[in-house]
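Could you take me around this model in the viewer, one selection at a time? Please tell me what to pick and what is there.

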Amino acid sequence: MDSMILGRYVSGNSIIHRLDPRSKLLSMFLFILVIFLANNIVTNGLLFVFTILLVGLSKIPLGFFLKGLRSMVFLIAFTTLFQLLFTSGGTTLFQFGFIRITEAGLAQAGIIFSRFLLIIIFSTLLTLTTMPLSLADAVESLLQPLVALKVPVHEIGLMLSMSLRFVPTLMDDTTRIMNAQRARGVDFGEGNIVQKVKSIIPILIPLFASSFKRADALATAMEARGYQGGVGRSRYRQLRWKKADTLSIFIMFALGLMLFFLKS
(Lines give C-alpha, C1' and ligand atoms only; values in the text may rest on other atoms or scores of the structure.)
Protein backbone atom coordinates (compact mmCIF):
# COMPACT_ATOMS: atom_id res chain seq x y z
CA MET A 1 0.00 0.00 0.00
CA ASP A 2 2.98 2.31 0.43
CA SER A 3 3.37 2.37 -3.35
CA MET A 4 0.09 4.25 -3.72
CA ILE A 5 0.97 7.70 -5.07
CA LEU A 6 -2.51 9.03 -5.92
CA GLY A 7 -3.37 11.94 -3.64
CA ARG A 8 0.18 12.33 -2.33
CA TYR A 9 1.85 15.72 -2.62
CA VAL A 10 5.56 16.45 -2.27
CA SER A 11 6.13 20.06 -1.27
CA GLY A 12 8.69 22.03 -3.21
CA ASN A 13 9.45 25.31 -4.94
CA SER A 14 10.40 24.10 -8.40
CA ILE A 15 9.12 25.69 -11.60
CA ILE A 16 6.68 22.77 -11.97
CA HIS A 17 5.32 23.30 -8.44
CA ARG A 18 4.76 27.01 -9.10
CA LEU A 19 2.66 26.50 -12.24
CA ASP A 20 -1.08 27.11 -12.01
CA PRO A 21 -2.89 23.77 -11.44
CA ARG A 22 -5.17 24.57 -14.40
CA SER A 23 -2.21 24.78 -16.77
CA LYS A 24 -0.82 21.51 -15.40
CA LEU A 25 -4.17 19.80 -15.84
CA LEU A 26 -4.56 21.11 -19.40
CA SER A 27 -0.97 20.09 -20.16
CA MET A 28 -1.78 16.59 -18.91
CA PHE A 29 -4.72 16.27 -21.31
CA LEU A 30 -2.68 17.69 -24.20
CA PHE A 31 0.21 15.34 -23.40
CA ILE A 32 -2.10 12.31 -23.55
CA LEU A 33 -3.29 13.45 -26.99
CA VAL A 34 0.29 14.08 -28.13
CA ILE A 35 1.36 10.58 -27.04
CA PHE A 36 -0.92 9.03 -29.66
CA LEU A 37 1.05 10.85 -32.38
CA ALA A 38 4.21 8.95 -31.39
CA ASN A 39 4.43 5.81 -33.51
CA ASN A 40 8.17 5.31 -34.08
CA ILE A 41 11.46 5.27 -32.19
CA VAL A 42 12.26 8.94 -32.87
CA THR A 43 8.93 10.33 -31.64
CA ASN A 44 8.84 8.07 -28.57
CA GLY A 45 12.45 8.93 -27.78
CA LEU A 46 11.61 12.64 -28.01
CA LEU A 47 8.70 12.18 -25.57
CA PHE A 48 10.90 10.29 -23.10
CA VAL A 49 13.55 13.03 -23.21
CA PHE A 50 10.84 15.67 -22.67
CA THR A 51 9.34 13.73 -19.74
CA ILE A 52 12.73 13.14 -18.10
CA LEU A 53 13.44 16.87 -18.42
CA LEU A 54 10.18 17.67 -16.61
CA VAL A 55 10.99 15.15 -13.87
CA GLY A 56 14.37 16.83 -13.42
CA LEU A 57 12.78 20.29 -13.26
CA SER A 58 10.38 19.10 -10.55
CA LYS A 59 13.35 18.24 -8.26
CA ILE A 60 11.42 15.25 -6.90
CA PRO A 61 13.43 12.07 -6.12
CA LEU A 62 13.12 9.36 -8.77
CA GLY A 63 11.91 6.88 -6.14
CA PHE A 64 8.46 8.48 -6.06
CA PHE A 65 8.00 7.86 -9.78
CA LEU A 66 9.20 4.27 -9.45
CA LYS A 67 6.54 3.74 -6.75
CA GLY A 68 3.91 5.04 -9.16
CA LEU A 69 5.09 2.58 -11.81
CA ARG A 70 5.29 -0.34 -9.38
CA SER A 71 1.56 -0.24 -8.67
CA MET A 72 0.82 -0.54 -12.42
CA VAL A 73 3.38 -3.22 -13.35
CA PHE A 74 0.81 -6.00 -13.80
CA LEU A 75 -1.43 -3.91 -16.09
CA ILE A 76 1.52 -2.73 -18.20
CA ALA A 77 2.95 -6.26 -18.49
CA PHE A 78 -0.42 -7.84 -19.37
CA THR A 79 -1.30 -5.26 -22.04
CA THR A 80 2.19 -5.34 -23.59
CA LEU A 81 2.23 -9.15 -23.66
CA PHE A 82 -1.26 -9.22 -25.20
CA GLN A 83 -0.15 -6.90 -28.03
CA LEU A 84 3.05 -8.89 -28.53
CA LEU A 85 1.32 -12.26 -28.91
CA PHE A 86 -1.90 -11.34 -30.69
CA THR A 87 -0.80 -8.69 -33.21
CA SER A 88 0.03 -10.25 -36.57
CA GLY A 89 1.78 -8.81 -39.59
CA GLY A 90 5.26 -8.57 -41.01
CA THR A 91 8.05 -11.11 -40.65
CA THR A 92 7.69 -13.87 -38.06
CA LEU A 93 10.52 -13.52 -35.53
CA PHE A 94 9.66 -16.45 -33.24
CA GLN A 95 7.14 -19.27 -33.29
CA PHE A 96 6.48 -22.10 -30.88
CA GLY A 97 3.20 -23.93 -31.35
CA PHE A 98 0.38 -21.39 -31.40
CA ILE A 99 2.66 -18.69 -29.98
CA ARG A 100 3.93 -16.41 -32.73
CA ILE A 101 5.82 -13.14 -32.42
CA THR A 102 5.95 -10.91 -35.48
CA GLU A 103 7.63 -7.61 -36.34
CA ALA A 104 4.27 -5.81 -36.19
CA GLY A 105 3.49 -7.36 -32.80
CA LEU A 106 6.88 -6.35 -31.40
CA ALA A 107 6.50 -2.79 -32.69
CA GLN A 108 2.94 -2.48 -31.35
CA ALA A 109 3.96 -3.88 -27.96
CA GLY A 110 6.79 -1.34 -27.76
CA ILE A 111 4.44 1.54 -28.57
CA ILE A 112 1.84 0.44 -26.01
CA PHE A 113 4.54 -0.04 -23.37
CA SER A 114 5.97 3.44 -23.95
CA ARG A 115 2.50 5.04 -23.89
CA PHE A 116 1.64 3.45 -20.56
CA LEU A 117 5.01 4.44 -19.13
CA LEU A 118 4.76 8.06 -20.28
CA ILE A 119 1.17 8.55 -19.10
CA ILE A 120 1.90 7.09 -15.65
CA ILE A 121 5.06 9.18 -15.18
CA PHE A 122 3.34 12.39 -16.32
CA SER A 123 0.24 11.81 -14.18
CA THR A 124 2.48 10.97 -11.20
CA LEU A 125 4.33 14.24 -11.80
CA LEU A 126 1.00 16.11 -11.82
CA THR A 127 -0.08 14.52 -8.53
CA LEU A 128 3.24 14.98 -6.75
CA THR A 129 3.59 18.67 -7.66
CA THR A 130 -0.03 19.76 -7.13
CA MET A 131 -1.92 19.84 -3.85
CA PRO A 132 -5.15 17.79 -4.03
CA LEU A 133 -7.30 20.80 -3.09
CA SER A 134 -5.63 22.93 -5.77
CA LEU A 135 -6.25 20.18 -8.32
CA ALA A 136 -9.94 20.07 -7.37
CA ASP A 137 -10.12 23.88 -7.64
CA ALA A 138 -8.59 23.64 -11.10
CA VAL A 139 -11.19 21.09 -12.23
CA GLU A 140 -13.99 23.27 -10.89
CA SER A 141 -12.56 26.35 -12.60
CA LEU A 142 -12.16 24.60 -15.96
CA LEU A 143 -15.71 23.22 -15.77
CA GLN A 144 -17.20 26.60 -14.83
CA PRO A 145 -18.75 27.21 -18.31
CA LEU A 146 -20.95 24.13 -17.71
CA VAL A 147 -22.78 26.00 -14.93
CA ALA A 148 -24.96 27.52 -17.68
CA LEU A 149 -26.11 23.96 -18.47
CA LYS A 150 -27.09 23.38 -14.81
CA VAL A 151 -24.14 21.05 -14.22
CA PRO A 152 -23.28 20.95 -10.46
CA VAL A 153 -19.68 22.03 -11.00
CA HIS A 154 -19.00 22.97 -7.37
CA GLU A 155 -20.30 19.63 -6.10
CA ILE A 156 -18.11 17.79 -8.62
CA GLY A 157 -15.07 19.73 -7.41
CA LEU A 158 -15.99 19.05 -3.78
CA MET A 159 -16.33 15.30 -4.39
CA LEU A 160 -13.01 15.24 -6.22
CA SER A 161 -11.20 17.14 -3.46
CA MET A 162 -12.59 14.86 -0.75
CA SER A 163 -11.73 11.74 -2.78
CA LEU A 164 -8.15 12.85 -3.35
CA ARG A 165 -7.84 13.89 0.28
CA PHE A 166 -8.99 10.56 1.71
CA VAL A 167 -7.35 8.10 -0.72
CA PRO A 168 -4.00 8.19 1.17
CA THR A 169 -5.89 7.99 4.48
CA LEU A 170 -7.76 4.87 3.35
CA MET A 171 -4.52 3.31 2.14
CA ASP A 172 -2.91 3.99 5.51
CA ASP A 173 -5.93 2.50 7.29
CA THR A 174 -5.71 -0.60 5.09
CA THR A 175 -2.02 -1.03 5.89
CA ARG A 176 -2.70 -0.60 9.62
CA ILE A 177 -5.54 -3.16 9.57
CA MET A 178 -3.46 -5.68 7.58
CA ASN A 179 -0.57 -5.34 10.03
CA ALA A 180 -2.98 -5.89 12.93
CA GLN A 181 -4.38 -9.02 11.23
CA ARG A 182 -0.87 -10.34 10.54
CA ALA A 183 -0.05 -9.88 14.23
CA ARG A 184 -3.01 -12.17 14.95
CA GLY A 185 -1.60 -14.86 12.66
CA VAL A 186 -3.43 -14.13 9.38
CA ASP A 187 -1.38 -14.93 6.26
CA PHE A 188 -2.77 -13.09 3.22
CA GLY A 189 -0.48 -14.90 0.78
CA GLU A 190 -1.28 -18.55 1.49
CA GLY A 191 -4.01 -20.82 0.11
CA ASN A 192 -5.92 -20.88 -3.17
CA ILE A 193 -7.81 -17.99 -4.73
CA VAL A 194 -10.97 -18.65 -2.66
CA GLN A 195 -9.01 -18.63 0.60
CA LYS A 196 -7.22 -15.43 -0.41
CA VAL A 197 -10.56 -13.73 -1.11
CA LYS A 198 -11.90 -14.89 2.26
CA SER A 199 -8.82 -13.48 4.01
CA ILE A 200 -9.72 -10.02 2.68
CA ILE A 201 -13.05 -9.97 4.59
CA PRO A 202 -11.39 -9.22 7.97
CA ILE A 203 -9.86 -6.16 6.25
CA LEU A 204 -13.00 -4.87 4.53
CA ILE A 205 -15.30 -4.85 7.59
CA PRO A 206 -13.15 -2.55 9.80
CA LEU A 207 -12.17 -0.50 6.73
CA PHE A 208 -15.83 0.17 5.86
CA ALA A 209 -16.60 0.95 9.51
CA SER A 210 -13.70 3.41 9.65
CA SER A 211 -14.74 5.02 6.33
CA PHE A 212 -18.36 5.53 7.43
CA LYS A 213 -17.15 7.00 10.72
CA ARG A 214 -14.91 9.48 8.88
CA ALA A 215 -17.71 10.38 6.45
CA ASP A 216 -20.13 11.01 9.32
CA ALA A 217 -17.58 13.18 11.14
CA LEU A 218 -16.92 15.15 7.94
CA ALA A 219 -20.65 15.71 7.30
CA THR A 220 -21.14 16.90 10.89
CA ALA A 221 -18.20 19.29 10.60
CA MET A 222 -19.53 20.74 7.31
CA GLU A 223 -23.00 21.26 8.80
CA ALA A 224 -21.51 22.90 11.91
CA ARG A 225 -19.69 25.38 9.67
CA GLY A 226 -22.88 26.24 7.78
CA TYR A 227 -21.93 24.72 4.44
CA GLN A 228 -24.71 25.41 1.90
CA GLY A 229 -23.09 24.58 -1.45
CA GLY A 230 -21.29 26.71 -4.00
CA VAL A 231 -23.84 29.53 -4.46
CA GLY A 232 -22.32 32.82 -3.28
CA ARG A 233 -19.34 31.01 -1.78
CA SER A 234 -16.02 32.90 -1.70
CA ARG A 235 -12.57 31.31 -2.02
CA TYR A 236 -9.56 31.38 0.27
CA ARG A 237 -7.24 29.99 -2.42
CA GLN A 238 -7.17 32.15 -5.56
CA LEU A 239 -5.82 30.65 -8.77
CA ARG A 240 -3.61 33.00 -10.78
CA TRP A 241 -2.65 32.36 -14.40
CA LYS A 242 0.87 33.61 -15.16
CA LYS A 243 3.11 33.90 -18.23
CA ALA A 244 4.80 30.61 -17.34
CA ASP A 245 1.42 28.86 -17.58
CA THR A 246 0.80 30.24 -21.07
CA LEU A 247 4.32 29.16 -22.04
CA SER A 248 3.68 25.61 -20.76
CA ILE A 249 0.57 25.28 -22.95
CA PHE A 250 2.49 26.70 -25.93
CA ILE A 251 5.27 24.13 -25.37
CA MET A 252 2.72 21.28 -25.41
CA PHE A 253 1.27 22.52 -28.71
CA ALA A 254 4.79 22.89 -30.15
CA LEU A 255 5.62 19.34 -29.03
CA GLY A 256 2.47 18.03 -30.68
CA LEU A 257 3.28 19.87 -33.92
CA MET A 258 6.82 18.48 -33.90
CA LEU A 259 5.57 14.91 -33.41
CA PHE A 260 2.99 15.36 -36.16
CA PHE A 261 5.76 15.98 -38.70
CA LEU A 262 8.07 13.29 -37.30
CA LYS A 263 5.54 10.46 -37.10
CA SER A 264 5.65 7.63 -39.66
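Start with helix H7, residues 132–142. Its buried residues pack against H2, helix H6 (103–129) and helix H8 (153–183), so colour those three partners too if you like to see contacts within 4.5 Å. This is a predicted model, and in it H7 is mostly covered, with eight of its eleven residues buried. To see them, select Pro-132, Ser-134, Leu-135, Ala-136, Asp-137, Ala-138, Val-139 and Glu-140.

Next, move to H2, which spans residues 21–35. Click on Leu-26, which lies in this helix.

Follow the chain on to the loop between H2 and helix H3 (41–58), where you will find Asn-40. Asn-40 is buried because its relative accessible area is 16%, which is under the 20% cut-off. Show side chains here: that of Asn-40 makes a polar contact with the side chain of Thr-43, at 2.8 Å.

Finally, colour by annotation. The unreviewed UniProt entry marks residues 25–42, 48–66, 73–99, 105–128 and 244–262 as "transmembrane region". Select residues 25–42: the end C-alpha atoms lie 26 Å apart, and the span is 72% helix and 0% strand. Then select residues 244–262, where the end C-alpha atoms lie 27 Å apart and the span is 100% helix and 0% strand.

Conventions
Residues are numbered from 1 along each chain as its sequence is written. This is a predicted model: local features need pLDDT of at least 70, side-chain atom pairs count only at pLDDT 80 or more; totals for chains, interfaces and linings use all residues. Side-chain values use heavy atoms; hydrogens and water are left out. Helices (H or I, at least four residues) and strands (E, at least two) are DSSP runs, numbered from the N terminus. UniProt positions are given in the numbering used here, feature names are shortened, and annotations may be inferred rather than shown by experiment. Buried means under 20% relative accessible area, exposed over 50%, partly exposed in between (1.4 Å probe, protein chains only). A polar contact is a pair of N or O atoms within 3.5 Å; within protein, one must be able to donate a hydrogen and the other to accept it, and residues adjacent in sequence count only if both atoms are side-chain atoms.
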